[in-house]
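Here is a short note to read beside the model.

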Amino acid sequence: MKQSTDLLQGTLDLLILKSLALAPMHGWGIAERIEQVSKDALQIGQGSLYPALHRLEYKGWIKAEWGVSENNRRAKFYSLTQTGKKQLQTEMDEWDRLTNAIALVLQRV
Amino acid sequence: MLTEFLTRLRFLVTRKAPEEVDEELRSHLEHLIETNIAAGMPPDQARRNAAIAFGGVEQTLEACREQAPGWFMDTVIHDARFGFRMLRKSPGFTAVAILTLALGIGVNTAIFTVIRTVLLKPLEYPDPGRLVRLVLTVRHRNVTDQAFNEVRFDEMRASAQSFSELGAFGPLENFTLSGAGEPEVVNVARVSANFLTILATDPILGRSFLPEEDKRGGEPVVMISSELWRRRFNCDPQVVGKPATIDAVPYTIIGVLPAGFAFPVADVDMWVTRPSEWSALPSGAWRTVGLLKGFARLKAQVTLEEARAEVKVLQRRYAIAHPNPNDADPRVTMGVVPVERSIGR
């Protein structure tokens, strides 16, 4: 089994928002997408995925609708709201700021 | 921001059904099983592996619930409901508990009400709307309610027409009261003889001060508080006329003030006349050093504005009559303010 990288607090929200920016997706779709894109470095367990989805939905950043999945199963599809799109931009800027800051420190500039 | 708030508000009212979350998770698990089967596993093993990889569902359901805004309110409501059911189940216990609480609260309220009226609540002066303070402001030194000297007070009192009575109080003193019983330190206020006329208050025993007792060398007389009367004289109805030795000077007690009387501040034990005769200063300085603060009762037909205008004129006249740097400075002004905004009660 691959070792999953621990996610920084709040990073999961950013990853979910980014995944949904392309198209609406259901829960496991989001998890699989993050795994694929990160080349299996990031494994999102359902135990953190669904609470995060609910949190974002309660915040009004994503909305959910029941639909039918590609293998004909009833599934809940999540998509970004208008607020969510703005939030994604904010979070990405914040992330850049943070990683740049950390990079600076690690390079001991 | 607003959208976020509205969304939260909406979810507070309309909860997501738990089954919905359940179905979502189940759908995810089945997807995993199908993936395993597609990878060539026998159905049993596919199910087992998927379940292991998926992990506990209950914790996830719980964690999802806790994301909802105000989820803890549900817990509180559950607890309250449970408590209520329990109370209904044992009416005897409930009755005793409620009775105990009611009695406890009732008795405490009653005691507090009595204490407040008797001890804590300061006495209301009759017609407080006409009670004013004369406040001397020294603007360039940023001082309000600066004490002024006896010369200024006497001239003000002699000329002012706006007030039915104009009085003064001086600095508080700590004196040693001796005589019957242990000596004790008492708070003594220095007031002009007309102070009870201004405050429209009568002593509960004896009389108030006489004008001649306010003059230099007048009789040493003292009025005492109800509290001191009770504490030291055991509410003796014959206390008027008895001697009281204050800092080795023999005074005569002439009256007792009502309970809760708090002038110029609370916790005064005794009142004496001649407000400027502060014991900390030599007698030669009493007349010229600023020790007094003024208070007065407006005449019935005089408004606050009229009194202010008059006091302003008197202040200007005083400045002309006393052309020294302290008194004549135009930045020194005398104001008239209603008592509820200025006396420390």
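**Notes on the two chains**

1. Chain A has four helices and three strands. Helices (H or I, at least four residues) and strands (E, at least two) are DSSP runs, numbered from the N terminus. From that end, the elements of chain A run α-β-α-α-β-β-α.

2. A word on the basis. This is a predicted model, where local features need pLDDT of at least 70, side-chain atom pairs count only at pLDDT 80 or more, and totals for chains, interfaces and linings use all residues. Residues are numbered from 1 along each chain as its sequence is written, while chains are lettered from A and ligands numbered from 1 in the order in which they are written.

3. Chain A holds 109 residues, and 32% of them are buried. A residue is buried if 20 or more other C-beta atoms lie within 10 Å of its own, exposed if 12 or fewer, and partly exposed in between; C-beta atoms are placed from the backbone. Of the contacts in chain A with a separation of 6 or more, 50% link residues 24 or more positions apart. Two residues are in contact if their C-beta atoms, placed from the backbone, lie within 7 Å.

4. The strands β1-β3-β2 of chain A, in that order, form an open sheet with antiparallel pairing. β1 (25-26) and β2 (62-68) of chain A each have a single partner strand, so one side of each is left without a neighbour in the sheet. Strands pair if DSSP finds at least two bridges between them. Two bridges join β1(A) to β3(A). His26(A) stands opposite Phe77(A) in β3(A).

5. Where does Glu91(A) lie? It lies in helix α4 (residues 82-106) of chain A. Glu91(A) counts as partly exposed because 19 other C-beta atoms lie within 10 Å. Beyond its neighbours within four places in sequence, Glu91(A) is in contact with Asp13(A), Leu14(A) and Leu17(A). Thr11(A) is 80 residues away along the chain, yet the two C-alpha atoms are separated by 9.0 Å.

6. Chain B has 11 helices and 11 strands. Of its 345 residues, 24% are buried. Among contacts in chain B between residues at least 6 apart in sequence, 72% join residues at least 24 apart.

7. The contact between the chains takes 18 residues from chain A and 22 residues from chain B. On the side of chain A, α2 (27-37), α3 (46-59) and β3 (74-80) give two or more residues each. The largest share, eight residues, comes from α3(A).
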